[in-house]
Amino acid sequence: MWNKLDKPWQEAITMAWEAYKNGTIPIGAVLVDKEGNIISKGRNQIFDANTNNPMAGTNMAHAEMDALFGLKGKDHPDVRTYILYTTMEPCPMCFGTAVMMNIRNISFGARDTYAGATGLNDKLDYIKRKNINIKYESGEIEAFQLILQTAYEYERQPYRLEELLGAWRSVNNIAIDCGKELCNLGYFPQAARDNKPIEEIYNEVINKYREIRRCPLCGGDNGCTHNKDCWCFSTTIPKGIFDLLPEDKKGKTCICKSCVDKYKETLDINTNN
């Protein structure tokens with residue numbers, strides 16, 4: 001899991017964890033050149049009082065701003081070939097800054113349906129002329145980011161908590177539920193107190209996430225979204241299929257559509273015979 005991540009993602013997630021440990025929003029960013037060498041790193045510092053960064057403690061102290069701060073064009077003539085990696089989709093301020101700093105490649109881990117602004121890429125003629133390449137990583141990098149940030153937000157209890165999490169649920173509802181559960185368990189604060197390595201944290205969290213998504217019958221991804229948009233809300237699931245589940249899996253994870261369909265086919269064959 002962790003070892004399969006590209007180096008820039010490992011660094012960006014590490015920066016997000018550093019932000020969490022410093023009591024601020026867990027988002028990290030890394031800028032690399034075309035050879036993959038790290039040019040700069042950044043992390044959120046909005047609520048961080050333990051740094052000399054002049055932006056710290058202000059609403060400008062986002063991870064991407066931190067990574068891009070002080071980047072001088074004359075020292076980086078190939079800046080248009082650089083890639084900005086960030087664990088969360090950039091907000092309007094960070095996306096606009098990347099545009100004006102001549103960043104032409106952005107890769108983000110998790111979609112931010114609350115404040116993300118990469119949709120501006122094809123909305124303004126000025127930005128469209130820049131030909132900015134945007135990559136949405138999604139997958140387990142997105143899941144980890146949303147789990148960590150959800151846990152943090154539940155700990156912080158902002159007044160717009162439900163509005164914020166409601167927006168993220170449209171991206172990955174399971175990750176939000178997982179983040180809430182880990183918050184209730186105190187997993188991340190304990191990991192911070194224990195100085196647990198980020199690679200160990202990442203692997204443990206993703207293992208838990210995979211377990212939730214694993215079909216208890218076939219072991220494949222169950223494809224469940226844990227909300228009303230899921231396929232299981234529009235089909236009838238035979239009660240008999242639940243008798244096939246191991247006792248320790250009942251009520252804890254969802255059966256995939258393929259297994260449900262196969263079970264229905266078996267019922268049809270038996271009925272016809």
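Me: A charge is said to sit over a ring if NZ of Lys or CZ of Arg is within 6 Å of the ring centre and within 35 degrees of the ring normal. Which ring has the charged end of Arg-111 over it?

Reply: That ring belongs to Tyr-136, and the charged end of Arg-111 sits over it at 4.6 Å from its centre. This is a predicted model, in which local features need pLDDT of at least 70 and side-chain atom pairs count only at pLDDT 80 or more, while totals for chains, interfaces and linings use all residues. Residues are numbered from 1 along each chain as its sequence is written, and side-chain values use heavy atoms, with hydrogens and water left out.

Me: How many helices and strands does the chain have?

Reply: The chain comes to nine helices and five strands, where helices (H or I, at least four residues) and strands (E, at least two) are DSSP runs numbered from the N terminus. Along the sequence these elements follow the pattern α-β-β-α-β-α-β-α-β-α-α-α-α-α.

Me: What makes the aromatic pair of Trp-9 and Tyr-85 edge-to-face?

Reply: Rings of Phe, Tyr and Trp (its six-membered ring) pair if their centres lie within 6.5 Å, and planes under 30 degrees apart count as stacked, over 60 as edge-to-face and the rest as tilted. By this rule there are nine aromatic pairs. In the pair of Trp-9 and Tyr-85 the centres are 5.2 Å apart and the planes are at 85 degrees, which is the edge-to-face case.

Me: Why is the pair of Trp-17 and Phe-188 called tilted?

Reply: The ring centres of Trp-17 and Phe-188 are 6.2 Å apart and the planes stand at 50 degrees, so the pair is tilted. Trp-17 lies in helix 1 and Phe-188 in helix 7 (residues 187-193), so this pair ties together parts that are 171 residues apart in sequence. Trp-17 and Phe-188 also belong to one aromatic cluster, together with Tyr-20, Tyr-152 and Tyr-187.

Me: How do you know whether Trp-17 counts as buried or exposed?

Reply: Buried means under 20% relative accessible area, exposed over 50%, and partly exposed in between (1.4 Å probe, protein chains only). Trp-17 has 2% relative accessibility, so it counts as buried, and Phe-188, at 0%, counts as buried too. Thr-266, by contrast, has a relative accessible area of 40% and is therefore partly exposed; Thr-266 is placed in helix 9 (residues 257-272). For the whole chain, 47% of the 273 residues count as buried.

Me: At what angle do helix 5 and helix 8 pack, and how far apart are their axes?

Reply: Helix 5 (residues 139-156) and helix 8 (residues 198-213) pack at about 100 degrees, with their axes 10 Å apart. Axes are lines fitted to C-alpha atoms, for helices over the stretch in contact, and angles run from 0 to 180 degrees between N-to-C directions. Angles under 35 degrees count as roughly parallel, over 145 as roughly antiparallel, 65 to 115 as roughly perpendicular and the rest as oblique, so helix 5 is roughly perpendicular to helix 8.

Me: Which residues of helix 5 meet helix 8?

Reply: With contact meaning heavy atoms within 4.5 Å, Glu-140, Ile-141, Ala-143, Phe-144 and Ile-147 in helix 5 meet residues of helix 8 including Ile-201, Tyr-202 and Arg-210.
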